[in-house]
Amino acid sequence: MTDSAVRDEFTPQAEKYRRELLAHCYRMSGSVHEAEDLVQETYLKAWRAYDKFEGRSSLRTWLYRIATTTCLTALETKGRRPLPTGLGAPSSDPSADLVTREEVPWLEPIPDEMLGTAAADPAVVATSRDSLRLALIAALQFLPPKQRAVLILREVLAWPAADVASLLDTSTAAVNSALQRARAQIAQAAPSEDAVLEPVGPEQRAVLDKYMAAFENYDFASLTELLTQDAVWEMPPFDGWYQGPAAIRTLIETNCPAGGPGDMRLVPTVSNGQPAFGLYMREGDGVHRAFQLQVLSLGPSGVGHVTVFFDLTLFEKFGLPAVLDGSTAPSLP
């Protein structure tokens, strides 16, 4: 088959799986940047090998096989991507100096927009919000790469154990054993389904509206009222994490460069199936520039977890501007 014939036949068939393969590579890697590179490598390998594809499995399954082995190869030389809560240290003193750990390959969020999770999408199961929540992705990082692959292939993609064993060149018994161990680890590290709420109801939207207003009005007393009693705040690349409304308020008041109402503006977005905000800080010239990205977990009693990312390259991934136009009127998605 000529290169032209490969392109004409392979590309239109394979492209429809790109978003769900991105979700798969993100679950494996914990990085939106790495996931994009891994998907590109997957498509390049598949394109080169397409003339040997015999159709013994579906094209989708074949692409997943290539993507999984590509991820496993990449992970051989990479450490896990933690969040500060995953470093094993106790909660930090909110009045102490912040410590940056730039050498740590931190976990990254991923925008829902990149994954195409609309109900009409045939890949909706593979890109479901529940399987992409930030806490779950963080928990996956505690698993060895092959165990991680087993859990994702079996639990998210519903592959038969025999197919997973064939891909990983192991036995079905070994796959079932790895799955059992992975489930036990995830059960300890990830929140239960009823501990997290979808931000779709009017009560949740009201909480998010108040959360935005608290920052924009520089009203941290109101912010603490929205936090659960055991709420957690963490913000890589700083290695500390903070628990409880009082500690979180002290942390923000001690370290936030804002000086009063209007210094901060928030633009809503969605990350990992969770509400998120791009926060813009007003600088000396009066311009609001990208400052941090916040991803929230909402529970029945309020905001239970906030993960703050200072990697400004994420703003482009989320389709957020680097500078906030004064005419922009943000609203919840």
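## Reading a predicted model: strands, helices and cores

Visitor: How many bridges join strand β1 to strand β2, and which way do the two run?

Guide: Three bridges join β1 to β2 (residues 241-243), and these strands run antiparallel. Keep in mind throughout that this is a predicted model. The link from β1 to β2 is a hairpin of six residues.

Visitor: How many bridges join β1 to strand β6?

Guide: There are four bridges between β1 and β6 (residues 302-309), and this pair is parallel. For an example, take valine 232, whose bridge partner in β6 is histidine 305.

Visitor: Is strand β1 mostly covered or mostly open?

Guide: β1 covers residues 227-234 and is mostly covered, with six of its eight residues buried.

Visitor: Is glutamate 34 buried or exposed?

Guide: The relative accessibility of glutamate 34 is 18%, so it counts as buried. This residue belongs to helix α3 (residues 32-49). With neighbours within four places set aside, glutamate 34 is in contact with Ser29, Lys78 and Arg81.

Visitor: Now the helices. How should I read which side of a helix is covered?

Guide: Start with the geometry. An α-helix has 3.6 residues a turn, so residues three or four places apart point the same way. Now look at helix α8 (residues 172-189). Its buried residues are Val175, Ala178, Leu179, Ala182 and Ile186. Viewed down the axis of α8, the buried residues fall within an arc of 105°, so they line one face of the helix. Ala173, Gln180, Ala187 and Gln188 are exposed on the other side of α8.

Visitor: What do the buried residues of α8 pack against?

Guide: They pack against α5 (134-140), α6 (145-156) and α7 (161-168).

Visitor: Which residues of α7 are buried?

Guide: In α7, the buried residues are Ala161, Val164, Ala165, Leu167 and Leu168. Their arc around the axis is only 160°, which puts them on the same side of α7. Among the elements covering them are α4, α6 and α8. Aspartate 169 follows α7 and has a positive phi, near 55°.

Visitor: Which residues of helix α11 are buried?

Guide: In α11 (residues 245-255), Pro245, Ala247, Ile248, Leu251 and Ile252 are buried. They cover an arc of only 165° around the axis, so they sit on the same side of α11. The cover over them includes α9 (202-216), α10 (220-226), β1 and β2.

Visitor: How do I go from single helices to a core?

Guide: In soluble globular proteins, nonpolar side chains tend to be buried together. Here the largest nonpolar core has 68 residues, and Phe10, Leu21, Trp62 and Leu63 touch the most other members. Helix α4 (residues 59-75) gives the most to this core, with nine residues. A second, separate core has 29 residues, including Met235, Phe238, Ile248 and Leu298.

Visitor: What does tryptophan 62 touch?

Guide: Not counting residues up to four places away in sequence, tryptophan 62 touches Phe10, Ala46, Ala49, Tyr50, Phe53 and Ser57.

Visitor: How many helices and strands does the protein have?

Guide: The protein has twelve helices and seven strands. Of its 333 residues, 50% count as buried. Among contacts with a separation of 6 or more, 68% are between residues 24 or more positions apart. The accessible surface is about 15300 Å², and 51% of that belongs to carbon and sulfur atoms.

How values were computed. Residues numbered from 1 in each chain as written. Predicted model: local features only at pLDDT ≥ 70, side-chain atom pairs only at ≥ 80, totals over all residues. Heavy atoms only, no water. Buried < 20%, exposed > 50% of the residue type's maximum accessible area, 1.4 Å probe, protein only. Pairing = 2+ DSSP bridges. Expected span 1.5 Å × (residues − 1). Arc of directions from axis to C-beta. Contact = heavy atoms within 4.5 Å. Areas by Shrake-Rupley, 256 points an atom, 1.4 Å probe, with all protein chains shown as cover. Core = buried A, V, L, I, M, F, W, Y, C linked by side-chain atoms within 4.5 Å.
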